[in-house]
Amino acid sequence: MKTTDTPPAAPARRPAPVTRATAPAAKEKSSEGQVLNVFSHGVLIIWAILVVMPLLWAVMASFKTDDSILSTPWELPDKLHFENWSRAWSQAHMSDYFFNTVVVVGCSLVGTLLLGSMAAYVLARFDFPGNRFVYFLFIGGMSFPIILALVPLFFVMNNMALLDTRHGLILVYIAYSLPFTVFFLTSFFRTLPTSVAEAAMLDGASHTRTFFQVMLPMAKPGLISVGIFNFLGQWNQYMLPTVLNTDPNQRVLSQGLVELANSQGYKGDWSGLFAGLVMAMLPVLGAYIVFQRQVVAGLTAGAVK
């Protein structure tokens, strides 16, 4: 019987020895990464101090007296003077300004998100003649300086009897915020799966029902993100209400703070002014703290399909 010779077993490969040249290279890369990490963290810490310190100083000054603000600006208050807040809220009419701002910004924010999401959904999901033209028209609105539109906007509002009214200012805020909203949400709607909308259409849902009950809930992260950006811009808006809202009874918070600073003259009610400033900052800070995770999720969701 003829037997076949078994081939000799292949020698086991030995791991490549670590040479002296590769070890220093790995150490250099790790050291460079550590240096870069320390440098980036140092820059972030410095930036956080530059941002947080003025806010903390304003809050601290709102509970101090005028003499202590000027004489010892960096010391903690001897006691909390809550009368500064009550004086700013009642005597400086910050309550009226706050109410006007909540009404104007709340209504304009709802209108902006509703109209912007509807326009963005149509531009992202439907092909029709002039689709790209309308899309670039909205983008062109982002690059148009608002200061160039103040004079014609004033005359248009005057001819329509919308000057010094809340609903007129609401319409202007909506028109001012729509370009960015449509630009942001159009890219977001394009990343959503089309199979869900097609399944809803096969089940007999209309376009309106598909949008409001299927696609709009899926776009919740994007709506929250663009809503926060619009809220910050509309809450801190000063130029538009100054030109279009000259009625003292219809002033918003930004106008009220300037009026509070100008009405003091040489008296210098700095404690009341800082109290009013903190009142104007608290809603913005609270909204961002509550929705910060949704903002980050909305910004990153459009980048991953």
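Which helix does Phe 183 lie in? Phe 183 lies in helix α7. The model is predicted. The protein has 14 helices and zero strands.

**The whole protein**

- From the N terminus on, the elements run α-α-α-α-α-α-α-α-α-α-α-α-α-α.
- The protein has 305 residues, and buried residues make up 34% of them.
- The accessible surface comes to about 19400 Å². Carbon and sulfur atoms account for 68% of that surface.
- Take the contacts between residues at least 6 apart in sequence. Of these, 74% join residues at least 24 apart.

**Helices α4 and α7**

- Helix α4 covers residues 94-125, and helix α7 covers residues 166-191.
- The two helices pack at an angle of about 35°. Their axes are 6 Å apart.
- The crossing of α4 and α7 is right-handed.
- What kinds of residues form the contact of α4 with α7? They divide into 18 nonpolar, nine polar and three charged.

**Two phenylalanines in α7**

- Phe 180 also has its place in helix α7.
- Is Phe 180 buried or partly exposed? Phe 180 is partly exposed, because its relative accessible area is 28%, and buried means under 20%.
- Leaving out residues up to four places away in sequence, Phe 180 touches Met 142, Val 226, Phe 229 and Asn 230.
- The C-alpha atoms of Phe 180 and Phe 138 are separated by 7.7 Å. Along the chain, these two residues are 42 residues apart.
- Phe 183 counts as partly exposed too, at 33% relative accessibility.
- Phe 183 and Ile 139 are 44 residues apart along the chain. Their C-alpha atoms are separated by 6.5 Å.
- An α-helix has 3.6 residues a turn, so residues three or four places apart point the same way.

**Helix α10**

- Helix α10 spans residues 220-235 and has 16 residues.
- From its first C-alpha to its last, helix α10 reaches 22 Å. That is close to the 22 Å expected at 1.5 Å a residue.
- Which residues of α10 are buried? They are Gly 222, Leu 223, Ile 224, Ser 225, Val 226, Gly 227, Ile 228, Asn 230, Phe 231, Gln 234 and Trp 235.

**Trp 85 in α3**

- Trp 85 lies in helix α3, which covers residues 83-90.
- Why does Trp 85 count as buried? Its relative accessible area is 18%, and the cut-off for buried is under 20%.
- Setting aside residues up to four places away in sequence, Trp 85 touches Ser 62, Phe 63, Ala 275, Val 278, Met 279 and Leu 282.
- Trp 85 and Gly 272 are 187 residues apart along the chain. Their C-alpha atoms are separated by 6.5 Å.

- Most residues other than glycine have a negative phi.
- His 93 has a positive phi, near 60°.
- Where is His 93? His 93 is in the loop between α3 and α4.
- His 93 is partly exposed, with a relative accessible area of 41%.
- Asp 164 has a positive phi as well, near 60°.
- Asp 164 lies in the loop between α6, residues 150-159, and α7.
- At 28% relative accessibility, Asp 164 counts as partly exposed.

Terms used: Residues numbered from 1 in each chain as written. Predicted model: local features only at pLDDT ≥ 70, side-chain atom pairs only at ≥ 80, totals over all residues. Heavy atoms only, no water. Helix = DSSP H or I, 4+ residues; strand = E, 2+ residues; numbered from the N terminus. Expected span 1.5 Å × (residues − 1). Buried < 20%, exposed > 50% of the residue type's maximum accessible area, 1.4 Å probe, protein only. Contact = heavy atoms within 4.5 Å. Axes fitted to C-alpha atoms, helices over the stretch in contact; angles between N-to-C directions. Left-handed = near helix turned anticlockwise from the far one by under 90°. Nonpolar A, V, L, I, M, F, W, Y, C, P; charged D, E, K, R; others polar. Areas by Shrake-Rupley, 256 points an atom, 1.4 Å probe, with all protein chains shown as cover.
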